[in-house]
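Trainee: Could we go through this model together? I would like to ask about a few places in it.

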Amino acid sequence: MTMSETDGLMSTHAERVTEIETLKTQFDVFRFLKGLTQTWGMKAFMVVNLPTQAGLELSQHTIITNWPAELLQSYDNENLIRGSTVLAALQKSTVPFFADADFLNRAADPATSKIVKALFERFEMLNSIWCPAHDVAGVRGAVSFSGNKQGFTHQEIAEIAYVSTHIFDRLSYI
């Protein structure tokens, strides 16, 4: 990729951030995120507030998502929020991270890890990037993109984190 191609790519994502300011409804945000998800070679997105208590359902904390309903329902029915390696990482860090099969294997309970991996494999969403965020009131959350993509460049991670911060902020005003 030449320098001018790189400049064009960065310019495109910078312009997308200015587009976020014009989004008026959750449906506008939904359409915007759906397009970005496809652009980044992923299948689904989720914007979520971090739970303040253990044992609750993920769906109760989800602000907006296009995860398959069956996936989210199965996740909640299996009570997979307990012991979630992703939620544990989100509570301990403010930097983006990539969750894949190896990451999910870090679960304290191997049986839970096996269930989580099988569930996300079934929906072709085993790999995800999670970008911690917060709003002006200090509410912590995250934006994620999931699919089969094996990894991201450092530039892509920076762009995804930048856009995710703006998305989370925008949703706090809608």
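Trainee: Which residue just after α6 takes a positive phi?
Mentor: Glu124 does, with a phi of about 55°. Helices here are DSSP runs of H or I with at least four residues, strands are runs of E with at least two, and both are numbered from the N terminus. Please note that this is a predicted model, in which local features need pLDDT of at least 70, side-chain atom pairs count only at pLDDT 80 or more, and totals for chains, interfaces and linings use all residues. Residues are numbered from 1 along each chain as its sequence is written, and side-chain values use heavy atoms, with hydrogens and water left out.

Trainee: And α6 itself, what span should its 13 residues have?
Mentor: Helix α6 covers residues 110–122 and should span 18 Å at 1.5 Å a residue; the expected span is 1.5 Å times one less than the number of residues. The C-alpha atoms at its ends are 18 Å apart, which agrees.

Trainee: Which residues of α6 are buried?
Mentor: They are Thr112, Ser113, Val116, Leu119 and Phe120. Buried means under 20% relative accessible area, exposed over 50%, and partly exposed in between, with a 1.4 Å probe and protein chains only. Seen down the axis of α6, the buried residues fall within an arc of 135°, so they line one face of the helix. That arc is taken from the directions from the helix axis to the C-beta atoms.

Trainee: What does the face turned away carry?
Mentor: It carries the exposed residues Pro110 and Lys114. On the buried side, the cover includes α3 and α5 (101–104).

Trainee: Where in α3 is Asp76, and what does Asp76 touch?
Mentor: Helix α3 covers residues 69–77, and Asp76 lies in it. Not counting residues up to four places away in sequence, Asp76 touches Glu57, Leu58 and Ser59, where contact means heavy atoms within 4.5 Å.

Trainee: Let us change topic. Which strand pairs with β1 over 6 bridges?
Mentor: That is β5 (residues 140–147), in the antiparallel sense; two strands pair if DSSP finds at least two bridges between them. Met46 has Ser144 as its bridge partner in β5. Strand β2 also runs antiparallel to β1, joined by 3 bridges, and there Val48 stands opposite Thr62.

Trainee: Why is β1 largely enclosed?
Mentor: Because 5 of its 6 residues are buried, β1 is largely enclosed by the rest of the structure.
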